[in-house]
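Hi there,

Here is the structure I promised to pass on. My notes follow below it.

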Amino acid sequence: MPITDLVAPEAILPALKVNSKKQALQELAAKAAALTGQNERSVFEVLLQREKLGTTAVGYGVAIPHGKLPKLEKIFGLFARLDRPIDFEAMDGQPVDLVFLLLAPEGAGADHLKALARIARLLRDQDIAKKLRASRDAQAIYSVLALPPATAA
C-alpha cells in the first residue's frame, strides 16, 4: 500500500504556522475533521490521549501523531510541513517540522501498525525528509510522498 493511499493531495499542509505541540495537534485535528467528517473535538482528544502515553516524535524532526476513532471508515493520513520547527518532546531533543497525522478506524488492528511503520520508514529517510523540507507547495510535497521507496527493507 503506497503512502498516497493514506494521504490525499488536499490533506497536505505545506506551511502550517503553529507555536506549540498542542496548537499543532489542534490545527491538524481541525483539518482532519473537516476532511473526514469526524468531530474535531474527538479527533483532538484522541491525539492528546496518545501523546500522554509518550511523544509521537520519532526523531530527526519528524512526528507521527496517531489514534483510532470508532466512526472512521478507513485509515486517513494528513501531512504537514511546519512553517518553523516546534518542540514535540522528541527523544533526540530535536524540534519537529514534519508531521504526519494518522487516524484509523477502531478495528483497524494490524493495518494501523503497518501504516505507522511505513510512514516512519519513509520519513526517517533523510533524502525524503530533505525533499519534503525543500518543497514549497502541496503538490510538490505530494509528489515526494508518492515516490516509490528506494529500497524494500
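Where is the place of Gln38? Gln38 sits in the loop between H1 and H2; helices (H or I, at least four residues) and strands (E, at least two) are DSSP runs, numbered from the N terminus. This is a predicted model, in which local features need pLDDT of at least 70 and side-chain atom pairs count only at pLDDT 80 or more, while totals for chains, interfaces and linings use all residues. Residues are numbered from 1 along each chain as its sequence is written, and side-chain values use heavy atoms, with hydrogens and water left out.

Gln38 counts as buried because its relative accessibility is 17% (buried is under 20% relative accessible area, exposed over 50%, partly exposed in between, with a 1.4 Å probe and protein chains only). Leaving aside residues up to four places away in sequence, Gln38 touches Ala33, Val43, Leu69, Lys71 and Leu72 (contact means heavy atoms within 4.5 Å).

H1 (residues 21–36) and H2 (residues 40–53) pack at about 140 degrees, with their axes 8 Å apart (axes are lines fitted to C-alpha atoms, for helices over the stretch in contact, and angles run from 0 to 180 degrees between N-to-C directions). Residues making the contact include Leu25 and Ala29 of H1 and Phe44 and Leu47 of H2.

Then there is H3 (residues 110–124). In H3, His112, Ala115, Leu116, Arg118, Ile119, Ala120, Leu122 and Leu123 are buried. Among the partners of these buried residues are strand S5 (76–86), strand S6 (96–105) and helix H4 (126–134).

Best wishes
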